Amino acid sequence: MVNIICVKVIGEEARALYNAGQATGLTFWSPNINIFRDPRWGRGQETPGEDPLVAGKYAMLFVRGVQGDSFEGGKLGVGDHLQASACCKHFTAYDLDNWKGVSTLVFDARVTLQDLADTFQPPFHSCIVEGKASGIMCAYNRVNGVPNCADYNLLSKTARGKWGFQGYIVSDCYAVAQLHDNQGYAKSPEDAVADVLKAGMDVDCGGYVSNHTKSAIKQKKLGESEIDRALGNLFSVRMRLGLFNGNPLKLPYGNIGSDKVCSKEHQDLALEAAREGIVLLKNSVKFLPLKKSKTRSLAVVGHNADEPQTILGSYKGLPCNIVTPLQALQKYVKKVRHHRGCDTAGCTSASIDKAVRIARVVDHVVLIIGLDQTQEREGLDRLNLVLPGKQQELIRKVAKAAKKPVVLVILSGGPIDITFAKNDNKIGSILWAGYPGEAGGTALAEIIFGDYNPGGRLPVTWYPQDFTKVQMVDMRMRSEPSSGYPGRTYRFYGGKKVFEFGYGLSYTNYSYNFISVSRTNITFYKRKSNLNSYILVSDLGTELCENSKFWVTIGVENTGMMAGRHPVLVFAKQAKLGNGKPLKQLVGFQSVKLNAKAKAEIKYELNPCEHLTRANEDGSMVIDEGLYYFIVGSEEYPLTVIVA
């Protein structure tokens, strides 16, 4: 819940800066809700992960929070004032930047209707239908030969027609120019402008539309009605932001003052968000937390230990107060020795011998390594999944020299193959912090010394280095055993993993049990005669889907000795796989805070038309007949679907 509140704070501070005259606009090109399909993607760090349900919920709540809606939705009606404008991007099937010379500017993503329906499109559907976003950004790349920004079926028929989008559509920056200059899709600049405006795009981030629209109209390639439509969409959002309604202080959100920016309440939220996002990946014989009273000296080794910009990641705002991991750890231990070990994240040069000498003489060693924006970012995909340069050598030798097992902290946006560390007994604990933001250093130190119990879960699968044999340009989600293609993400990839999606440890233990499932079988009757063992969701209708909802109640117990916040993930899988069915898929997630030995019950409302579906090869959502299992932890509960 705290991260949901953080999104509301983002919108509130954005409006506060505007009210104070420190910002000239209120349209934000965020959030990035593309699926983190490939672990090498440089922009994966910007997304909520690889799961469509998570990405969809994130999109919905992000948009509601920024725009000033309630988290339940419905507070903002059509045309109501916006706190700020959110824009979901990049529409669609965008998850490659620059890999082995293949640039997203010209990339033609070959995507099946099946994968579009149940992987790439669901987050955008949630963003528009549930979040009521006021903006969409169309992506650079082509999908099956058609540039996203020139795709009438995507922008007008799907987003505006089927999903009821009301807002503006912007191109990614200079995407319109690519249609003519690099993709060869449009024969002339005027054709490129006509293509995107006729498709339903409204504004160009770049100069192509402003430079070539007049000549496109003169050449009769474009009608003025398309310009009028685009202007109408753009100005309607500006009106909703209150830009033409007189004194802004007398309008909704006009009383949000600069005192909201960097307030203690908001900085506390930044800390809590960082705490909740850190994932404990290994903790042999409960090595962590370290005991404050028995840690008299500490070595902090690694290039990421004291780099303020690294913990902020990409596309960051101006922080209120950055605390690096080194600075935070120095507050816990009086005698701290710091050594970079590597010169940079690339680690082409490393002072390993000196780091080893320091490690030998201290009580404990914390290694803080990983990636930064020189290794992964927009325009830069990775080629490897292992640590760059001499980082692995540094870790091994320092761990071997230390008196006791070491703590390994990884800062990175994407997953890394750290199998060596997972299996090394001299590495007692591993923490992954992503790029945790301005309070990330404080959160890490609190976790290492036990002032906070970690409960984060991985939002992506961590693949082995061998996965890099798979071509990043292959967009298929589903595996193809006959050719050796392994598939992607936890839903379709059945190969070896370093860590699974949803994995994460705690300083305490939790147990689960299914208390009740309100329905153990569901019967659907076909409206049309066919031989398929499934039913089309479109044949059921909204009313029948609503009436088919049911409740799953999970009992959760903290069986350990430390209080903690714990995310409870519920998956569903079919007993009989094949025909492109997911191996399993997430159907619900909630966090619960439990004291030691405490119990709680969590209820999940599930809709078979949403949570028990898959896409067939035509891209239609279907519900298969047969046995299903709900899974939480190691517990399973059966449910039968009958199609008569």
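Ile 535 sits opposite Ile 623 of β24. That pairing belongs to a predicted model, in which local features need pLDDT of at least 70 and side-chain atom pairs count only at pLDDT 80 or more, while totals for chains, interfaces and linings use all residues. Residues are numbered from 1 along each chain as its sequence is written, and side-chain values use heavy atoms, leaving out hydrogens and water.

β18 and strand β24 (residues 621-624) run antiparallel and are joined by three bridges; strands here are DSSP E runs of at least two residues, helices are H or I runs of at least four, and both are numbered from the N terminus. Two strands pair if DSSP finds at least two bridges between them.

## A six-stranded sheet

Another open sheet has six strands, ordered β10-β15-β14-β13-β11-β12, with mixed pairing. Its edges are β10 (279-283) and β12 (335-339), each pairing on one side only. Within it, β13 (residues 364-370) and β14 (residues 406-411) pair in the parallel sense over five bridges, and Gly 370 has Leu 411 of β14 as its bridge partner. Helix α13 (residues 391-401) packs on this sheet, touching β11 (297-301), β13, β14 and β15 (427-432), and its direction makes about 175° with that of β13; contact means heavy atoms within 4.5 Å.

## Salt bridges

The structure holds 26 salt bridges, each a side-chain nitrogen of Lys or Arg within 4 Å of a carboxyl oxygen of Asp or Glu. In one of them, Arg 37 meets Asp 95 (2.7 Å, N to O). Arg 37 lies in the loop between β1 (27-28) and α2 (52-67) and Asp 95 in the loop between β2 (85-91) and β3 (98-99), so the pair ties together parts 58 residues apart in sequence. Both Arg 37 and Asp 95 are buried, meaning under 20% relative accessible area, with exposed over 50% and partly exposed in between (1.4 Å probe, protein chains only).

Let's turn to another pair. Asp 202 and Arg 160 meet at 2.7 Å, N to O, and both are buried. Arg 160, Asp 202, Glu 226 and Arg 229 are linked in a network of salt bridges.

Note on methods
Axes are lines fitted to C-alpha atoms, for helices over the stretch in contact, and angles run from 0 to 180 degrees between N-to-C directions.
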